[in-house]
Amino acid sequence: MPKTVKKPAAPVKPTAEKPVKPTGTTAEEVLPKPKRTAPAPNLLRGMKDILPGDQKYWALVRGAAEHIASSFGFDRVDTPVLEETALFVRGVGKQTDIVEKEMFSFVDQGGESMTLRPELTAPLARAYINHGMWNHPQPIKWFTWGQVFRHERPQAGRYRQFTQAGLDVFGDRHPVIDANLIFAAYSLFKDVGLDAVVMVNSIGDAASREAFKEQLVTYYRSKRSHICENCKKRLQRNPMRVLDCKEEGCAAVKAEAPQIVDFLNEESKNHFIRVLEYLDELEVPYQLQPHLVRGLDYYGHTVFEVVGAEDADKPGSQTALAAGGRYDALIETLGGQPTAACGFSWGIERVILRLKEKQVAVQDLNQPEVFVAQLGEPARRKTLALFNALRKDGVKVAESFSRDALKQQLEIANRMGVRFTVILGQKEVLDGTALIRDMDSGIQEILDFKKCAAELKRKLAMPAPPKAPPPPAPAIEDPLLAEEPLLKEEEPEEPAEEGKKGKKKKGDE
RNA sequence: GCGGCCAUCGUUCAAUGGUAGGACAGCGGAUUGUGGUUCCGCGAACGAGGGUUCAAUUCCCUCUGGCCGCCCCA
C-alpha cells in the first residue's frame, strides 16, 4: 500500500479547528475515520438551491420582468412572506385546494395563526387596502416578485417554495387593462426567446357564472352514466372543474356541454369582446379556451394562461407558464372599498425550466475579458495593483494570484475564455513593461506597463474577431489515413505551433 | 393528499452477498517564463436507520429525497 506513505511526508497544514466528533463509540476510537464526521443534511422536500451555474437564467428572467414592469409603468412592491392565515382563507377562498391542503401555516409564540404566502395577489390587495391606495390617482399599477409556498407533491417545475412575479392593476375596470396586461405577460416570453400562446376565456360576473353552473350541472346529471367518478364528485364541489377532465367518456360529454360564453350577460359579454378586440390590436397570439376556468375564488370575467407554443394543443394543466385574470371582487371581500382589479403571475421556475429545455442561449454571468498572470513575487505585487486598476476601470478581469506557474495561469485563463492575458514577470518588472497576449491568436505584444490598461481598453472596444477553429480533431483510427502524416512529417502539429511562433516573433522583438 | 418508478464519486454510467470500476469535470506532473491536443498520476461515491446473514452497496422493511401520473396549481 504505497498510498499511505506519501501524503504524510508533505507538511500538513495545521488545522485550526478539528472537527468535533460528538460520538464516543469504541468503534470510532479504534478505527478513526477522518472523513464524514456527520451525516449530510438533506434539502427539504420541494426546496431548491439555485447554484452559480443557474444564476444566468435567473438574471435573464428577472431582468426581463423588471424591464417589462418599468416600461409598462408598474411600480415595484414587496410584501412579507408571512401573512395572517385569515387573509388567504378570505381572499383565495376557503374551498380551494390551496387553502384546504396546501398552506404552510403555523401558530406563532403569541398564539397567532400565520401562513407562508401561497400566492401574491391577496397580499397585494391587502397592501392596497392598508395603505389607502384608493386615495391615489387610479389605476394603481404594481409589479411584485417573490417567493411563494405551497405544500404540494413536488415534481419537475413544481416546488414547495417557488417564485412568482406579477403585474397587477387596481382601480380600473376597463377591458383595455385586461388586454394590455395579457400583452405584458406574453411579452416576457418574446423577450427571453420563447414562443408562447395565450389561452383566454371569460367566466363572466357572478350572476352569469351562477346561471352557467346551474345549466352545467343539469346537463352533466343527464349524462351521469357516462362520466367518471371524479367528475361526479366535482359536480358537487366545484362544477366548473368537470370541464378540465381528461377521461375519455368525460371528453365526449364535454364536447356537447354548455359553454360559459353563452351564459354571459350583456355586460360580461361586452367586456370580453372588447378584451379580444384589443388583443387583436396588440397582435397577441391567443386561443379561445371555452373550458378554461380558474381554481381561485376571486376571479371573474377575463381569465387567461400563457403556455409554451408546443403545449398549445395539449390539454395538460402543468403547462401554464403564467396565469391570471380579473378579480374585481377581491378588495371588497377583504374589507376594502369596491375596487376593480386585474393581474397575473409568471411562474419563474417554469419559465427557466423551459429556457433550459429549449436550450435558449443565455449569456454567462461574470464572463471575464482579461486575465492577469504573474511570475515571481515582485510581479505578483504589480499584478495586484494592475488587477484593481482594471477592475475600477470597468474591465472584467480575472486572476489566480496564488499560483506561481505561468502554465497553470494560462490554462485557467484559457478555460475562463478571456480575450487577453497580461503577463508580468521578473523581466517586465525590471523593464517597466507588460506583455499582452491575445488568447485567440497567441500573439503577444510588449508595451509600457503604464499604458497597459489604456491599451487593453482600446483592444476590448474593438469587436472580437470570429473564433478560431478549435484545435485539430483527433486523428481517425484508419490505417490509410494514419499513413499520411508519416509522409508529411510535422504537418499535424501546425495549428498549435503557429501560435507559438507568432508569440516568439513578437516577444523577442 | 393518492398511485407507480427510482436512489452508486461534483456529473454521468457500470459491477458485486465478501466494502466498488470507467468516462467527463477537478487537482497535480511531463527540465528552467506560455493555454487549447496528448500522456501520466492524485483525490472523490454506495441517501439515512433498522432487519436477514458469518458477511449487505447488493435481499427485506421504514424514513428521507427525486421523477412520472392523478388531484391541483405557476
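Strands, at least two residues of DSSP state E, and helices, at least four residues of state H or I, are DSSP runs numbered from the N terminus. Two strands count as paired if DSSP finds at least two bridges between them. Strands of a sheet pair through backbone hydrogen bonds, either parallel or antiparallel.

This is a predicted model, in which local features need pLDDT of at least 70 and side-chain atom pairs count only at pLDDT 80 or more, while totals for chains, interfaces and linings use all residues. Residues are numbered from 1 along each chain as its sequence is written, and chains are lettered from A and ligands numbered from 1 in the order in which they are written.

Chain A has 19 helices and 16 strands. Of its 509 residues, 32% are buried. A residue is called buried if 20 or more other C-beta atoms lie within 10 Å of its own, exposed if 12 or fewer do, and partly exposed in between, with C-beta atoms placed from the backbone. Two residues are in contact if their C-beta atoms, placed from the backbone, lie within 7 Å. Among contacts in chain A between residues at least 6 apart in sequence, 71% join residues at least 24 apart.

Strand 1 runs parallel to strand 5 (residues 140–149), and two bridges join them. Arg-76 stands opposite Phe-143 in strand 5. Next comes strand 6 (residues 161–170), where nine of the ten residues are buried. Strand 5 and strand 6 run antiparallel and are joined by ten bridges; here Phe-149 stands opposite Gln-161. Strand 6 is also joined to strand 11, by seven bridges and again in the antiparallel sense. Gly-166 has Ser-345 of strand 11 as its bridge partner.

Strand 11 (residues 341–347) in turn pairs with strand 10 in the antiparallel sense over five bridges. Which residue of strand 11 stands opposite Gly-325? The residue is Gly-343. Gly-325 also stands opposite Val-303, on the side of strand 9 (residues 302–308), which runs antiparallel to strand 10 and is joined to strand 10 by five bridges. Strand 10 (residues 320–326) is mostly covered, with seven of its seven residues buried.

A second open sheet has five strands in the order 13-12-14-15-16, and its pairing is mixed too. Its edge strands, each pairing on one side only, are strand 13 (397–399) and strand 16 (444–448). From one strand to the next, the twist averages 25°. Helix 14 (residues 377–392) packs on this sheet and touches strand 12 (370–374), strand 13 and strand 14; the direction of helix 14 makes about 165° with that of strand 12. Helix 15 (residues 406–416) also packs on the sheet, touching strand 12, strand 13 and strand 14, and its direction makes about 175° with that of strand 12. For these angles, axes are lines fitted to C-alpha atoms, for helices over the stretch in contact, and angles run from 0 to 180 degrees between N-to-C directions. Within the sheet, strand 14 (residues 420–424) and strand 15 (residues 433–438) pair in the antiparallel sense over four bridges. Thr-421 has Arg-437 in strand 15 as its bridge partner.

Helix 10 (residues 248–255) shows how a helix can have two faces. Its buried residues are Cys-250, Val-253 and Lys-254. Why do they lie on the same side of helix 10? They do so because they cover an arc of only 100° around the axis, the arc being that of the directions from the helix axis to the C-beta atoms. These buried residues pack against helix 8 (206–222) and helix 9 (229–237). The face turned away from the buried side carries the exposed residues Glu-248, Ala-251 and Ala-255.

Glu-84 counts as partly exposed because it has 14 C-beta neighbours inside 10 Å. Leaving aside neighbours within four places in sequence, Glu-84 is in contact with Glu-112, Ser-113 and Met-114. Glu-84 and Thr-115 are 31 residues apart in sequence, while their C-alpha atoms are 6.0 Å apart in space.
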